[in-house]
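This briefing is meant for a reader who is meeting the structure for the first time. Please keep the sequence and the model in view while going through the points that follow.

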Amino acid sequence: KLTDGRAQYSSLPMPNGCPVDDIIVFRRKADRYLVIVNAANIAKDFAWLQSQRPEGCTLVDRSDDFALLALQGPQLLLFFGWAGVVGTYVLHSGSFAARDLLPVLLPATSLGLLAVAVLNINNTRDIDSDRVAGKITIPVRLGPRGARVYHWGLLAGAAVLALVYVALDYRSPAQFLWALTLPLGWRHGWAVWRADTAQTLDPQLRRVALIGLLFAITFGCGQV
């Protein structure tokens, strides 16, 4: 349950459970909420909320009063991968030498690819509504099958780069601890490949996020 000043990522569900759009709900007070929707879907989402509005609830479209900076696609790779991992390495090691930083880019890219995979599932799930709204995402460009091939590429790329890093800097078997996440990634990848509706894709959004978290934890612990 949200408390004042807290926000939660959620979605607008249809009666059949399929999402209309993903949203962020921010609680200002007990009777005042700010709902953040995708900019391309403002009119559609506002109309949906109006159609579901309970008696006594007032909705106001204040989209022109706010702006949101959203990191997507390559920005996710840059922020959650390269900037996050390499920046942390520099802070702890104090080294800016290229010979030290270049190898770190391998696991940094792995983490960035897994972050992009989370976004890809979200956009693949919403491919039909995004296409109608004119939101040109990678899944919209690639199509449903192409988006799933792309997703497999993100998962495989993350694993291969982690393996290359360990091979180049091998010190102990513990460095392969991250490999425990491979069966989870394989199972998730096939579930995404077989999913043919937004409703069956939706649970995979949470699972790929958890896989990314487990990968980060096990990879880091294995390097200590």
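## Overview

Among contacts in the protein chain between residues at least 6 apart in sequence, 57% join residues at least 24 apart, where contact means heavy atoms within 4.5 Å. This is a predicted model, in which local features need pLDDT of at least 70 and side-chain atom pairs count only at pLDDT 80 or more, while totals for chains, interfaces and linings use all residues. Residues are numbered from 1 along each chain as its sequence is written, and side-chain values use heavy atoms, with hydrogens and water left out.

**Chain as a whole**

- The protein chain has seven helices and three strands, these being DSSP runs numbered from the N terminus (helices are H or I with at least four residues, strands are E with at least two).
- Along the sequence, the elements of the protein chain follow the pattern β-β-β-α-α-α-α-α-α-α.
- A box of roughly 65 × 40 × 30 Å, taken along the principal axes, is filled by the C-alpha atoms of the protein chain.
- Of the 224 residues in the protein chain, 36% are buried, where buried means under 20% relative accessible area, exposed means over 50%, and partly exposed lies in between (1.4 Å probe, protein chains only).
- The protein chain has an accessible surface of about 13500 Å², and 64% of this surface belongs to carbon and sulfur atoms; such areas come from the Shrake-Rupley method with a 1.4 Å probe, and for residues only the protein chains shown count as cover.

**Nonpolar cores**

- The largest nonpolar core has 23 residues, and those with the most contacts inside it are I121, W178, F215 and F219; a nonpolar core is a set of buried Ala, Val, Leu, Ile, Met, Phe, Trp, Tyr and Cys residues joined through side-chain atoms within 4.5 Å.
- At least two residues of this core come from each of α2 (74-93), α3 (98-125), α5 (138-168) and α7 (198-223), and the largest share, seven residues, is supplied by α3.
- A second, separate core of six residues includes V85, V90, V104 and A108.
- When residues up to four places away in sequence are not counted, W178 touches A159, A162, L163, V166, F215, T218 and F219.

**Aromatic pairs**

- A search of the whole structure finds seven aromatic pairs, for which rings of Phe, Tyr and Trp (its six-membered ring) must have centres within 6.5 Å, with planes under 30 degrees apart counted as stacked, over 60 as edge-to-face and the rest as tilted.
- The pair of Y170 and F176 is tilted, because the ring centres are 6.0 Å apart and the planes lie at 40°.
- Y170 is partly exposed at 46% relative accessibility, and F176 is likewise partly exposed, at 34%.
- The pair of F215 and F219 is stacked, because the ring centres are 5.7 Å apart and the planes lie at 25°.
- Both F215 and F219 belong to helix α7, where they are four residues apart, or about one turn of the helix; F215 is buried at 4% relative accessible area, and F219 is buried at 9%.
- Y165, W178, F215 and F219 are linked into a cluster by ring pairs.

**Individual positions**

- Q175 lies in the loop between α5 and α6 (182-194), and Q175 counts as buried because its relative accessible area is 1%.
- Although Q175 and G222 are 47 residues apart in sequence, their C-alpha atoms are 4.2 Å apart in space; leaving aside neighbours within four places in sequence, Q175 is in contact with V166, D169, Y170, G222 and Q223.
- N123, found in helix α3, is buried with a relative accessible area of 6%, and, neighbours within four places in sequence aside, N123 is in contact with D130, T137 and P139.
- P144 lies in helix α5 and is partly exposed, with a relative accessible area of 43%; its contacts, leaving aside neighbours within four places in sequence, are with I127 and P139.
- I136 lies in the loop between α4 (127-133) and α5, and I136 counts as exposed because its relative accessibility is 53%.
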